Amino acid sequence: MATIDTVAIKQAISQVFVDGNRQGWVLAGYEDRSNHIVLQGSGFGKPEEVQPLLREDEFQYVMVRIPDQKDDHPTVRDILIGWQGPKVKIVERGKKNTHFGTVKAVMSPVHATLTAVSVKNFNEATIRQKFGFNSGSHMID
């Protein structure tokens, strides 16, 4: 079972995802290989800013805000992405996948959830392509 630093993560979300802010991100991950999920960073830029913070041997969770249009009106989309580093072992992958619901309860509300396994494709264009209703796969690979 995972524990989560709800206060710090929700505080970061409330600072980054304010009305009028059209982009930003909040990153959470595991503290010292434990099952305790903590805030690892936040920012007001595009999802590409998170790329250097994604670790190949860890599970992490990223909430991103990207600008969008709906009926010719500007809006935003908040998306929760579960990062699965390509070097995470199969057994750990299975265990950590069960924590996604706990994380989603804290890092919310969101318009969509995705899974990412590729740093090079972790960008606004790919996220925009994958979160749509008719997008098929919700995997950033």
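Trainee: Which charged end sits over the ring of Tyr30?
Mentor: That of Lys96, 3.7 Å from the ring centre. A charge sits over a ring if NZ of Lys or CZ of Arg is within 6 Å of the ring centre and within 35 degrees of the ring normal. Keep in mind that this is a predicted model, where local features need pLDDT of at least 70, side-chain atom pairs count only at pLDDT 80 or more, and totals for chains, interfaces and linings use all residues. Residues are numbered from 1 along each chain as its sequence is written, and side-chain values use heavy atoms, with hydrogens and water left out.

Trainee: Okay, and how many aromatic pairs are there?
Mentor: There are 2, counting rings of Phe, Tyr and Trp (its six-membered ring) with centres within 6.5 Å; planes under 30 degrees apart are stacked, over 60 edge-to-face and the rest tilted. Tyr61 and Phe100 are tilted, because their planes are at 50 degrees, with centres 6.0 Å apart. Tyr61 is in strand E4 and Phe100 in helix H3, 39 residues apart. Helices (H or I, at least four residues) and strands (E, at least two) are DSSP runs, numbered from the N terminus.

Trainee: Switching topic: is Tyr61 buried or exposed?
Mentor: Buried, at 0% relative accessible area. Buried means under 20%, exposed over 50% and partly exposed in between (1.4 Å probe, protein chains only).

Trainee: And where is Thr113 found?
Mentor: In strand E6, residues 112-116. Thr113 is partly exposed, at 29% relative accessibility.
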